[in-house]
Amino acid sequence: MTKGPKRLDLSLYFSREPVTLALLTGLALVLLLAVTGLSRLYHAQQESLAERWSGRGVDDLNAGHFQPAVMDFRTALLYDRDNSAYQLSLAQALLGLKRTDEAYAYLINLWDRQPENGVVNLELARIAVQKGQTERALRFYHNAIYATWPGNQETERRKARLELINYLLQINARTQAESELIALEANAGEDAAQQARLGGLFLRVQDYSRALPAFRESLKLEPKNDSARAGAGIAAFETGQFPLAERYLAQAVASAPNDTASATLLQTTDLVLKMDPFRPQLSDAERNRVVVNAFNAAGDRLKACPALGTAKPAPVSPGSPPAGNAAGNVNTNPSNSSPSSLAQQWEKLKPQITERGLRQDPDLVNAAMNLSFQIERGTTAACGPGSQADKALLLIANLHEES
Amino acid sequence: MPTFTRRAELNPFPNSQPRISIEEGRSGPSTEEIAPQSAVGQTPGSSSVSVFQAFFREDRFFLILSVFIGIFSGLAVVCFRFAIDWCRIYLLGSGAVPTTWRLLAAPAVAGLVIAILAIHVFPGARGSGVNQTKAALYIYNGYIPLKTAVGKFITAALAIGSGHSLGPEDPSLQIGACLASALGRRLRLSRDHMRLIAPVGAAAGLAAAFNAPISAVLFVIEEVIGRWTAGILGSVVLSAVSSVVVTRWFLGSESLFRIPPVEMSRPSELIAYAVLGIVGGLASVAFASGIATLRPLCRKLPPWTQYLQPAIGGLLIGCIAVLGAPQVMGAGYEYIDEAMHGHFTWQFMAILALLKIIATLLSFVSGTPGGMFAPTLFIGAMLGAAVGGAEHALLPHLSWSPGTYALVGMGVLFAGFLRAPMTSVFMVLEVSGNYSIIVPVIVANTFAYVISRAMQPVAIFDALSRQDGLELPSMEEQREESILRVEDAMHPPPALVLDARDTLDRVSKLADQEKAEKVLLVRLHPSGWSSITREEVKTLIEEGKGSQTLESILAGGGQIPYLHPDHPLETALRYVDRWPLVPVVNRANLRELEGVITQHDVLERYRDFGGE
């Protein structure tokens, strides 16, 4: 009697749902384990294929074989579609093939996911430059400068900033370029080439006072750097430090005789030094002789400028110093600086400007030089740049007016 | 008195409740259905067993089983994905663009093998799998042989892996349905649950393949089951979610495509999306017509050609690939991804859309097993991005986001070709994860659906099932079927409606005055309705109860159910044979009678409807 119900209980218990569920759970666990094994095999294969194809891609990219590189990276992405490095490399290969739009599509998607990626920002900036999208280019360049970079962050950021400066110079945004250069200067390390590059860029933005220390720093680190010498010479010349300019330019020309620009500038520097009556440690006799020569040179220039009262001001060449900012005791009155008036003044003063006359009246030195400067400016404005001597006189004028 | 006895017996609401409506009445039968099962096993001394059995009633057990179905389907789909990729790597090579000889040989040779397998070993493996699942539900009581799943797995993996232009979703759906069916048979489920188990497995398979549980659930409800009930929905959702969890565990949680930011700057751009809807609708019609026309033609060819058709189809697809469009091979998800991110020109994408239609036609009509979801999405994405690109070229002020257009394009083809309008909207939302795209999707899908519906009256799945000689219910026709409601059959309220406080004498007098019908309606206090026949009134007066009120006579179970005008007419059928007159009352005021309905009214209306 008692066995019947117990057996029934057990059979009910074991034949119904709980046991079924236990069996199903066991089966599910076994299958999960089996599929886990398969999954490991699968993922390992996918990973290995992705690496193999991306390796080929890198080789092709480095060898400049962009077409196969594109295919390699596309294949690598088949096996690891979210790999940013592969996407970036693919974009770079596409850029190599000038398929800018396709590259842009990859890069902008990468940027959506990694807006802090320096490489992506820099590539996007380059594409924007190619497309003439200045605002976008500047935005991406700035992003790149403050972004995260693989490897040496500072070096990469500096490179990005240098590229931005070059772009700014290319679009004639000198002020912005100068600001970037000042920021770059603050982070410039002790690297001769880097300092020389910095100096060169300061020269390009006509910030000579910052260019000179950069070149000097470069020369301190690498004294035989010809381009730094030439750059330092130019910077010293433009800041009116002619003796220093002469030294650097002479060194540059001596070590690089083919550097005609430095040679020409050296000539001008020599002339300035030769024709400057106000330079220190000059004897009175020598000064008087220099003043007479300068005065005569100005007279020759006046005679050689036929456009007297009717002459229109000629444009000033980029290399010549500005002519219209005369100061000091030089007569800047336009009516007085007209060729005819200047000729009268010169003629009037001429008899007194001799070595003897100057010895007797040292005040004539200033008067003669002032008139010479005035003549040089007037004739440059009316007839264009003159000879090397005339240029030198103008430079001397500017130098002493500034001081 | 006999009348009262009969009424009490028939009354489904023995515990007199103040309100009885049809909605409340529905809950009754379900408890009745459950009760006998709960009683099983109530043997002396078996309390622990009865606790289990109460917990594991079949409907609850079915829900738990749905989770297991999801897990098994998910695992199967994961293996299916591995198999497809392995087939691709070993047949086409690991490179993105295979060599020419592989492009030509792999799909052709695989086609030959597939044909032999499909004809001699796995005859049930042909087709997409959606109709087979529907057939299991409506014809075979949920039965799908497990062999079909094995066959589908092998042949579809070979086909897709070798480059046939087909997708893995529909086969996954069928594999899920097969596994569920096998499990249900093993566990000896009831016939009702056996019928439902195939769609539950189908949802799991589709969700796993698509990595999108909501779309899978909606598709199965919309296209396979065709109706919404809490029991079905619960099982389908559970299986879909559990399968997606399994798939994500093994394959990661990334969606099939990386979705770029969705852009739409101004509402006027909806016109551009409407144009996309029109183009997509026309493309859907072309695609569907191609399949509907070519498939029977291929089937009419001599039987020996069945061995060669998949191979020839594969060879032609290989030729398309060799000529410069290898993107049309296989499912093509990676290229959808590229299209979304603007890696192709719009002209090239337009060409790819056209070539993909041709390639899919070649694969599908040749009888190669595989699905149409992925090709549909591919065509939609390419077409969408191409139309968007062309529009932007013509009107540069339009915001141009290839990803947005491609996404909308996918929805458009889904609505136009597969004719699953609701799934098409939710699929795009689920895949994009961005609800701001909903308006363009709805606009474009509506145009595509309407155009497709107008130009191709029979939906593609229905056309395919009819070609196969199966009269499966058309979900689209069911959706659009006009429903008869109570208001279509009821007649106006009778002139005489009695008040429960009236005495029997007064009732008799009023009935005589108004020449009332045999059955009189009684408005109860404070609410509810009842009825009484004139014969009963007469009998009660003869028994000397003429001074009593109707309230006192009808007390204790005299209420009758009532209907509302908007109830389906079939609901009325459940009551009109038990109550000669059923009141139809206003939903806002249950004491306000809108009309009455009788069995005769219902039958008359159905007869007229049949004539229409």
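Colleague: What should I know about the numbering and the confidence limits?

Modeller: Residues are numbered from 1 along each chain as its sequence is written, and chains are lettered from A and ligands numbered from 1 in the order in which they are written. The model is predicted: local features need pLDDT of at least 70, side-chain atom pairs count only at pLDDT 80 or more, and totals for chains, interfaces and linings use all residues.

Colleague: How many helices and strands does chain B have?

Modeller: Chain B has 27 helices and six strands. Helices (H or I, at least four residues) and strands (E, at least two) are DSSP runs, numbered from the N terminus. For chain A the count is 19 helices and zero strands.

Colleague: Why is Ala240(B) called buried?

Modeller: A residue is buried if 20 or more other C-beta atoms lie within 10 Å of its own, exposed if 12 or fewer, and partly exposed in between, with C-beta atoms placed from the backbone. Ala240(B) has 34 other C-beta atoms within 10 Å, so Ala240(B) is buried. Its place is in helix H11 (residues 230-251) of chain B.

Colleague: Which residues are in contact with Ala240(B), leaving aside its neighbours within four places in sequence?

Modeller: They are Gly70(B), Ala203(B), Ala204(B), Ala207(B), Pro213(B), Ala216(B) and Val217(B). Two residues are in contact if their C-beta atoms, placed from the backbone, lie within 7 Å. Val217(B) is 23 residues from Ala240(B) along the chain, and their C-alpha atoms are separated by 6.8 Å.

Colleague: What makes Lys98(A) exposed?

Modeller: Lys98(A) has 10 C-beta neighbours inside 10 Å, and therefore counts as exposed. Lys98(A) lies in the loop between helix H4 (84-96) and helix H5 (100-113) of chain A. Its phi is near 65 degrees, a positive value in a residue other than glycine.

Colleague: And why does Asn141(B) count as partly exposed?

Modeller: Because Asn141(B) has 14 C-beta neighbours inside 10 Å, it counts as partly exposed. Asn141(B) is in the loop between helix H6 (130-138) and helix H7 (146-161) of chain B, and its phi, near 50 degrees, is also positive.

Colleague: What share of each chain is buried?

Modeller: In chain B, buried residues make up 52% of the 612 residues. In chain A they make up 41% of the 403 residues.

Colleague: How do you know that H17(B) is roughly antiparallel to H18(B)?

Modeller: Helix H17 (residues 402-416) of chain B packs against helix H18 (residues 421-432) of chain B at an angle of about 155 degrees, with the axes 8 Å apart. That angle is why H17(B) is called roughly antiparallel to H18(B). Angles under 35 degrees count as roughly parallel, over 145 as roughly antiparallel, 65 to 115 as roughly perpendicular and the rest as oblique. Axes are lines fitted to C-alpha atoms, for helices over the stretch in contact, and angles run from 0 to 180 degrees between N-to-C directions.

Colleague: Which residues of H17(B) and H18(B) meet?

Modeller: From H17(B), they include Leu407(B), Met410(B) and Phe414(B), and from H18(B), they include Val425(B), Met427(B) and Val428(B). By class, this contact has nine nonpolar, four polar and no charged residues. Ala, Val, Leu, Ile, Met, Phe, Trp, Tyr, Cys and Pro count as nonpolar, Asp, Glu, Lys and Arg as charged, and the others, Gly among them, as polar.

Colleague: What makes H9(A) roughly antiparallel to H10(A)?

Modeller: The axes of helix H9 (residues 174-187) and helix H10 (residues 192-204) of chain A come within 10 Å and cross at roughly 160 degrees. H9(A) is therefore roughly antiparallel to H10(A). Leu181(A), Leu184(A) and Glu185(A) of H9(A) make the contact with Leu198(A), Leu201(A) and Phe202(A) of H10(A). Five of these residues are nonpolar, none is polar and one is charged.

Colleague: What makes S1 and S4 of chain B edge strands?

Modeller: Each of the two, strand S1 (497-499) and strand S4 (559-560), pairs on one side only. Two strands pair if DSSP finds at least two bridges between them. The open sheet has the order S1-S2-S3-S4 (chain B), with mixed pairing.

Colleague: How many bridges join S2 to S3 of chain B?

Modeller: Five bridges join strand S2 (residues 519-523) to strand S3 (residues 529-533), and the two run antiparallel. Arg523(B) has Trp529(B) in S3(B) as its bridge partner. In the loop between S2 and S3 of chain B lies Pro526(B), joined to His525(B) by a cis peptide bond with omega about 0 degrees.
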